[in-house]
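Colleague: I am new to this structure. Can we go through it in questions and answers?

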Amino acid sequence: MTEQTPTPVRHHAEPSADRGRWWKEGIVYQIYPRSFLDTNGDGIGDLPGIISKLDYLQQLGVTIVWLNPIYASPNDDNGYDISDYHSIMAEFGTMDDFKTLLAGLHERGIRLIMDLVVNHTSDEHAWFVESRSSRDNPYRDFYVWRDGRDTEHGELPPNNWRSFFSGPTWEKDEATGQYYLHLFSRKQPDLNWEHPPVREAVYDMMNRWFDLGIDGFRMDVINLISKVPGLPSVPNTAAGELAWGADYFVNGPRLHEFLREMNEKTLQGRDVMTVGECVAVDVEEGRKMVGKDRGELDMVFQMEHMDLDSGPNGKWDIRYPWSRVELKEILQRWTDGLHGDGWNSQFWTNHDQPRTVSRFGNDSPQWREKSGLALAALPLALPGTPYIYQGEEIGMTNVAFPIDDYRDLETLNWYREETQRGRDPAELMPAIHHKSRDNARTPMHWDDSPQAGFTTGEPWLRVNPAYPQINVAEAMRRKDSMWHGYRALITLRRQNPGLAYARLEWLWPDHEALVAFRSQHDKEAWLVLINLSDQAHTLTDSGTLAGLEPAWLWSNDAPVLGIPNELSPWQAMIGKLE
């Protein structure tokens, strides 16, 4: 692999004729600030820690940083419960720290997108404090309040929806005698987007951040902001039982109206990036959201492939092995469906998902780095915008903690609910080890010093014990490491921007190990061959590749000339076709 130092991208202050080119051809690096680097010894990552690693990000070659929420928050859900959109969380630093971070990124040609969480707030937000104070408070309608249901079984919540975090989606507020809606934690009340002052307050907040100079927003669960009028219960459900009510709050009837209004009030005239994280969205709905003539969002962050290892009973029902054929079907559906119109995000993990190499690769010492690079090659070769999550570049792995060491609200709620139903705790732990969000949230491994160089204090979440072997310092020293392979992939992507716009021809779509395609944009073409398995596989149909003469640009294995007869375990290759 030939390494070159990536050239910084130019920062466009004003809209231009090539609006969007920077994020279409960009590479996003996601930072979970709480777990990135702590500089004051309190065990919590902070903005000065990120500032101290800006040269690292530039050296890696990424062009966009996505920050998970840094706003003021009581941290019931690690910052996704915002109590003040205009202030920085005290544990993370100050607004001056933020301005220093933003300036430092821009000086290095790196853009910054913030996390926008506007489906809900914290119950400690001033709006909700006012809203719950009385039924006639001016802020009452900023949230969704309803009376309970009188039944023969006594009073029940307004409907029977189940929360994303287990339990009902309603909490009774004794002060006013009504229930408020919370699709997530009870400390995350849903905003009432039907109420125009809510939307105006959100747009005002967004514009204030844009005026500070940020480059865009990643919008958390944005397709939940519109609910079906009347908030009906899920039918055919026993009294007192909860049911999944997605039909009534996912992709609701006014979603696209709200997004077009947001675009008009905040985005028009700005050269910024908007990416919508969407729950249970299909290609048709995604195209409505990001179609180039729709006037809504720029990019969809859809998660259909995140269910590859989920069984019929959902996230915690582990399905293994997962199907490479199903993966290719999903990728083809989205790449074909959005080509030339909408824009997609390409990723394997984020702060809500397990570690890539443990989940989809092989994290044994023999295969960890090679399988990690094979997996990395896919999003960095696909059309759309690739995302890298902190630690992915060194192959950080899942953890297998005892339950007392977990901090994730979703994990702990599910564990409590299932044990209350009588399930054996030992039966639950394999699923938690495989799927808990805390797998991605363990502190970043900077070196092999105590606490992985993350903090001099006690970390907020236990450090993965693998850090002496898996850390940035070791990986950067060793020229054949995964980190250097990742950097070479990023350089390849930046030197071949046509990959972002390409149309794909899938090869061997029914093969249960090989992921291979020809990629074409204008007069340029590429060949991508990836073996996602522990076994070597022969490229059996020689006619499929007949006449192709790739100049190999990158591989995670020994270099070859021409088309190989087989791919070794976890081998990946990207070549330019003449």
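Modeller: Start with charge. The model is predicted. The protein chain has 57 positive side chains and 87 negative ones. The centres of the two sets lie 3 Å apart.

Colleague: How many helices and strands does the protein chain have?
Modeller: Both kinds of secondary structure occur in the protein chain. The tally is 16 helices and 24 strands.

Colleague: Why is the protein chain called as compact as a globular protein of its length?
Modeller: For 578 residues the globule rule gives 25 Å. The protein chain comes close to that, so it is as compact as a globular protein of that length. Its radius of gyration is 24 Å.

Colleague: What box do the C-alpha atoms fill?
Modeller: The box is taken along the principal axes. Its dimensions are roughly 75 × 55 × 50 Å.

Colleague: What share of the residues counts as buried?
Modeller: Buried means under 20% relative accessible area. The count runs over the 578 residues of the protein chain. The share is 61%.

Colleague: Among contacts between residues at least 6 apart in sequence, what share joins residues at least 24 apart?
Modeller: A contact here means heavy atoms within 4.5 Å. The share in the protein chain is 72%.

Colleague: Now the strands. Is β5 buried or exposed?
Modeller: Strand β5 covers residues 111-116. Six of its six residues are buried, so β5 is largely enclosed by the rest of the structure. The word is buried.

Colleague: Which strands pair with β5 in the parallel sense?
Modeller: Strand β2, residues 64-67, pairs with β5 over four bridges. There, valine 65 has leucine 112 as its bridge partner. Three bridges join β5 to a parallel strand at residues 216-219.

Colleague: What is the strand order in the open sheet of three strands?
Modeller: The pairing is antiparallel. The edge strands are β6 (145-146) and β9 (170-173), each pairing on one side only. β6 meets β10, residues 178-181, over two bridges. The order is β6-β10-β9.

Colleague: Which residue in β10 stands opposite arginine 146?
Modeller: β6 and β10 pair in the antiparallel sense. Opposite arginine 146 stands tyrosine 179.

Colleague: How many residues of β20 are buried?
Modeller: Strand β20 has eight residues, 524-531. Most of them are covered, so the strand is largely enclosed by the rest of the structure. The number buried is seven.

Colleague: Which strand forms a hairpin with β20?
Modeller: Eight antiparallel bridges join β20 to the strand at residues 514-521. Leucine 514 stands opposite asparagine 531 there. Two residues lie between the strands, and aspartate 522 in the turn has a positive phi of about 50 degrees.

Colleague: In β24, which residue is the bridge partner of leucine 529?
Modeller: β20 and β24 (residues 572-577) run antiparallel, joined by six bridges. The partner is methionine 573.

Colleague: What is the relative accessible area of serine 371?
Modeller: Serine 371 sits in helix α11, residues 368-377. Leaving out residues up to four places away in sequence, it touches Val357, Gly361, Asn362 and Trp570. Serine 371 is buried, with a relative accessible area of 0%.

Conventions: Residues are numbered from 1 along each chain as its sequence is written. This is a predicted model: local features need pLDDT of at least 70, side-chain atom pairs count only at pLDDT 80 or more; totals for chains, interfaces and linings use all residues. Side-chain values use heavy atoms; hydrogens and water are left out. The radius of gyration is taken over C-alpha atoms; the globule rule is 2.2 Å times the number of residues to the power 0.38. Buried means under 20% relative accessible area, exposed over 50%, partly exposed in between (1.4 Å probe, protein chains only). Lys and Arg count as positive and Asp and Glu as negative; His and the chain ends are not counted. The place of a charge is taken as NZ of Lys, CZ of Arg, CG of Asp or CD of Glu. Two strands pair if DSSP finds at least two bridges between them.
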